[in-house]
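Reader: I am new to this model. Please show me how to read it, feature by feature.

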Amino acid sequence: MAADRPDLPKRAWQRMLSGRRLDLLDPSPLDVELSDIAHGLARVARWNGQTHGDHAFSVAQHSLVVEDIALAMKPDLAPQWRLAVLLHDAPEYVIGDMISPFKAVMGGDYKLVEGRLQEAIHLRFGLPAKVPDAVKKLAKKADIVCAYFEAVELAGFDDEEAARIFGRPKGFGSGPAEAPRLGLRPQPAAEAQAAFTARFEAIEALVSAATANKKRAGGR
């Protein structure tokens, strides 16, 4: 087998269900497909699968909640930046969801691969390779809020422990002020995949409409 041949270069690409071969070290935007992203993220488990329920709470579901939270934080967020927030964890369709403690151990190489994948994904869908810092900070803030709710509702954390690690969010969820809830429910992979795809397409339609309106306004 080629894998046993030391004289051959190591394979650094993955074949996707779309038929694309995505090079992990030098990813091309041309090899990025929404169908692969949605399929992969719907089957990648948050918290290494250590969550309650018959199904994993997937990165696809997480991405939808983060986009909801970001929009609640900034209702006038432009559609293209909503898309960027939705795709904030998109590289994980290739590299999986590595929990934060392990990311800290892995260090720079992991972040380098993740960053290149993120840039390729952004370019594929008409976003700048590097989004503005304000958008990155918003996505990160929404991500942390979501992590708190996942921790207490799905991952077995009590409120005090989750609040100590992630901070206790204000203005989100229902229930007592000291332990708000979003009512998160893990979905089957097919449902999460469909929901992610539908949200992407809805936001992409808003991006197209905003671009068309800007062109019309510029032509007057």
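The dialogue below moves from the whole fold to single residues.

Reader: What should I know before starting?

Author: This is a predicted model: local features need pLDDT of at least 70, side-chain atom pairs count only at pLDDT 80 or more, and totals for chains, interfaces and linings use all residues. Residues are numbered from 1 along each chain as its sequence is written, and side-chain values use heavy atoms, with hydrogens and water left out.

Reader: How many helices and strands does the protein have?

Author: Helices (H or I, at least four residues) and strands (E, at least two) are DSSP runs, numbered from the N terminus. Here there are nine helices and two strands. Their order from the N terminus is β-β-α-α-α-α-α-α-α-α-α.

Reader: What share of the residues is buried?

Author: Buried means under 20% relative accessible area, exposed over 50%, partly exposed in between (1.4 Å probe, protein chains only). Of the 220 residues, 41% are buried.

Reader: How do I read contacts along the sequence?

Author: Contact means heavy atoms within 4.5 Å. Take the contacts between residues at least 6 apart in sequence: 64% of them join residues at least 24 apart.

Reader: Which residues of the largest nonpolar core touch the most other members?

Author: A nonpolar core is a set of buried Ala, Val, Leu, Ile, Met, Phe, Trp, Tyr and Cys residues joined through side-chain atoms within 4.5 Å. The largest one has 55 residues, and V32, I37, L87, Y93, I121, F125 and F196 touch the most other members. Helix 7 gives the most to this core, ten residues.

Reader: What does V32 touch?

Author: Leave out residues up to four places away in sequence; V32 then touches L22, I37, Y93, A120, I121, R124 and F125.

Reader: Is helix 3 mostly covered or mostly open?

Author: Mostly covered: six of its eight residues are buried. They are W81, R82, L83, A84, V85 and L86. These residues pack against helix 2, helix 7 and helix 9.

Reader: Where is S58, and why does it count as buried?

Author: S58 sits in the loop between helix 1 and helix 2. S58 counts as buried because its relative accessibility is 2%. Residues up to four places away in sequence aside, S58 touches L41, A42, V44, R46 and A192.

Reader: How far is the side chain of S58 from the backbone nitrogen of Q61?

Author: A polar atom of the S58 side chain lies 3.2 Å from that nitrogen of Q61.

Notes. A polar contact is a pair of N or O atoms within 3.5 Å; within protein, one must be able to donate a hydrogen and the other to accept it, and residues adjacent in sequence count only if both atoms are side-chain atoms.
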